[in-house]
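Hello,

Here is the structure I promised to pass on. My notes follow below it.

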Amino acid sequence: MFGCYGCGKIKSSVMVLLWIKSQDTFLSREVKKFIHTVTPDLSLIPSGADYIWIDPDNGIAWGKLEDVFGNIKEENGSKAWFFEAIKQLPPLFRECYCMLQNVYPAAYDTLLKPFLEWTHQEKDIQLTIKQISKESSPGDHLVALLTITALVERALGNVMLLKCKQVPFLLKDLLATPELDELIGKVKVQLLIVMLGSVLGLNLRNIAWHGFLSPHETSQAFVATIIFILADCGRILKNTNKIKNIPCRPHVTFEEASYLSSVFDNMTVPKKAVLEEVIMNSSFVPTVMYPAWKKALELLEEEQWGLCVTLLLPLMECSMRGMFAHVNKVSERILTAENSTLYTTMDEILNEYMESGTSSQTMVKKFFSCSAGVHNLENRELGEVTKCTFSNNRVEHADQGKENRELDTLEKKNQVQFTIGTKLNEALHDLLNFIQGPRIRDRVSHGEAKLQEIPRFITCHIIYLSLLVLSSGGSDNDEAPSDTTNKVKCINLNGAGEEYVLNDKLRGNIQENTSDTKCPEHCPPPSDEACSQDKKCTNDNYLSDQGKELIVTLKRNIRHYKCIFHPSALLHRKLIHAVSYISNWIYWDKVDSLELDYSEWESWDKIQLPRAITYPPLHISHNVCNLHSMEDFLVLVKDIQYRVLYRPKQEVELISILHRITACILATLEKTYENMTLKYSQYINKRLRSRQRETYRRQLIAVPVIVSCCYLTSQVIYLLFLAINRSGDLSQSSFTCLMRVLKPVLKVTENLVTQTSLSVNRWDEASSLSVNNIDHIRKKFTHTQEGK
C-alpha cells in the first residue's frame, strides 16, 4: 500500500508518518472541549422575536452579558470561571452570525459600516464578512478568523493611543490595561479576553495563528461576533466623541525584504495543480489541513498576496510542528498545550536545542538563535505558559559553557535542523526571526502589515520555502550527531485521492494498518529505525515530472542561499559598502593642489600604516593592504566566510560593536564626500569667501589622513571578522580585553562622523583623531598579548 522501495522494515516508519497525516485535530483534549462547547449549531436560525443577545440597535446586549458574567459563582479569572463563561456563549455567537447574515449586504451600509470605519480597515472587515457567508468554505472561515484577530489587535492598539503614548506589544497585555476598559467598556474587554486574550479561555488568536486550529474547527460565528464587538466599540467611541481623534499608526512596508526577491528570481509560479500535488504528497501536511492549503493556493492564483500569506504562515508552522514531533520523538508536542504546559511554536521548532524530558519542562537554551536580545517577540504571548526570553544567566561564559556542553546529551539537539538543512534553516530565520529582517509572521499576525500592500515576491518566497519544508529529507551537507540519523526519508503514502478524505473509510484504513501497534490517543507507532538509513525512500516516487522538476529547482536555489538579515550578514554587507566607498576616494572632485597650496593630497601614500595587524588570542593575523591595493582588499572582504545560526552571546556582542564602528566609517566617508563635493562646486562657482576657502584647504589636507584611518580600521574589522566564529571561545577576561580595545576605536569613529559633517567642518580635529586612532591600532593590534 505504501509504495516505499528499498526498505525492508519500512512499515513502522510509514505508520509514524501516517499518524501525522491522519491527525484529525491539533487541539489537546481540554482545548478541544472548550472549542466544541462554544461552537454553536448554526442550523438553528432564530426568528426575529427569538433574538435575546442582540438589542434593538443591532448591537450585542451588553447588559445581559454583564449579568451572565457577574452571576458566575467561580472566582473571576480562574480556569473554572472561564469554562463557565464559555458555556454561556454559544447562543450569543449564533445570534451574531445570523444577524450578520441578515444585515449583509442589504442593510450593511446603514447598520454596521458607519461604526466600523474607526478601525481604518473597513474594507478588510467587509472581506471577512464575505468569507463567512453561507456559500463559503472551511478554508475561508480560517482566513477570516486570522484576518479579524490581527485587525482587532491593530484597531484596539490605535484606540489605546487616546490614553497612552505606547501600545503594549501583545494582545493579552493590551486587553489587560485599565485604559481600554475605560475607552470601550469593561464587559467588551472581558468578552475579548474570553475569546482571544487568555490561555485560560478560547485563546482563538493564538491557536489559529500558531497553526493548531483546523478549518473544520473554525466557526463562522467566532468571526461574526468579533465584528459585532468592533461595531459596538465604534458606537461607544462615537457617543463619547472620541472616534474622530483615533490615530492610525502607519503600517510596515517591508522595504528591507527586497533582498529576498533575488532568492527565487529565476522561478515562475508553478500551476496550481503542480503545487497541490507536491503539498498533498507530503506526509507533513495533515489531511485535516487540506482545505486550508487548497484555499491558500486559490488565493495565490487570484493574486491576493496578503490573504495568501495570512494562511500560509500558520500552515507552515503546523507542518513543521509535525516534523519536530516526529524527528525528535516527542509525539505529544504536536498538540496545543493546556494552560499549564508548553506550546510548541516556530521559535522552538527552529531552535538549536529542545527541552529535555517531558513537555512541561523548561526549554534548554544555551545559545542565542540569532542575536543578543533578538528573539521572536511572539513567544511573549505565551508568557503564562513558559518564559522563552534569553537572560544573562542562560548564557555561560566560554570556559564554563564548553564544559557544560560536553555534559549535554544528544537527545537535547533539535533534529529539525538536520532534517531541513542549514541553508533552508537560514532562510526561515531570515524570514521569521532576525530582528532586521521582515519578521513577516510577527507583523502580519499583529496587524502591523496592510494585507493589500504585501508584495508578490514575499508571498512567492513563503510558498517556495513551504514547499522545501514539506519535501525536506535532509541536506547532503548537514550531518546529525553520530548516533542520531535523519528519520524522514520515507515521507509519503501513495497519494490516492479518496484516501485523503477525512472520513470513515480513511479512519478504517488507518486503523487496519496500525492495528498491530496498539497506539494510544495522539501517540505514533514505534519509531522508524530501519528506514532511517535508506536515502532513496522519499516522496519523489509519487510526484509527476513537473512536481519533481519544481522541487529540484527549489533545492538548487536554496543550495546557494546566503543569509541576509543575521547581524553577521548585515555587518558583512556594511563592510563591503564601506570598503567600496574607500576604493573611489582618489577620484572625488577636488581643486588642483596648486590652486589652494596643499601638497598633502599628493603624498597620501606616505601615510604610515602598520605592515601587519594581529590579535593573538584569536590566532589571526593580516598583512595590511595599502591604499594602492584597495581592490585586492575588497576581494578579501567579499570572500569572508562565517556561520550565522545558534551563535554564542560573546560573538553577537562583538558583531554589534564592529557593526557600529563600520556604520560610523561609512557615515564619515559619505559626509566627507558630500562636503567635498559641495565645497568643490562652490569653489569653481566662486561662491566661497576667503575664510571658507581656508576651511576647504584644511579639509583637503585632512581627507587623506581620514581615509587612511577609515581604511586601516576597516582592516581591523576584517581581521576580527575572519575569526568571528571563534570569538565565543575566548575566555571572559580575553573577551573583556578585546572589547576594551575596540571601544576607543568606536569613540573615534563616532567623533569623526560629527567632525566631518557640513555643519561642523572641524578638519584639523578630525585629522588629529585619525592619527591617534592609527597609533592606537598600531599599538593594540601589532603586539597584542592576551590579557594585556
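**Aromatic contacts**

Tyr-343 is buried, because its relative accessible area is 5% (buried means under 20%, exposed over 50%, partly exposed in between, with a 1.4 Å probe and protein chains only). Phe-212 is buried too, at 0% relative accessibility.

Some ground rules. This is a predicted model: local features need pLDDT of at least 70, side-chain atom pairs count only at pLDDT 80 or more, and totals for chains, interfaces and linings use all residues. Residues are numbered from 1 along each chain as its sequence is written, and side-chain values use heavy atoms, leaving out hydrogens and water.

Rings of Phe, Tyr and Trp (its six-membered ring) pair if their centres lie within 6.5 Å; planes under 30 degrees apart are stacked, over 60 edge-to-face, the rest tilted. That rule gives 16 aromatic pairs. One of them is Trp-81 with Phe-82, edge-to-face at 5.3 Å centre to centre and 90 degrees between the planes. Trp-81 and Phe-82 are buried. The centres of Phe-212 and Tyr-343 are 5.8 Å apart and their planes at 65 degrees, so this pair is edge-to-face. Phe-212 and Tyr-343 lie 131 residues apart and link distant parts of the chain. Ring pairs also join Phe-69, Trp-81 and Phe-82 into a cluster.

**Charges over rings**

The cut-offs: NZ of Lys or CZ of Arg within 6 Å of the ring centre and within 35 degrees of the ring normal. The charged end of Arg-321 sits over the ring of Phe-212, 3.6 Å from its centre. The charged end of Lys-64 sits over the ring of Trp-53, 4.9 Å from its centre.

Best wishes

Notes. Helix = DSSP H or I, 4+ residues; strand = E, 2+ residues; numbered from the N terminus.
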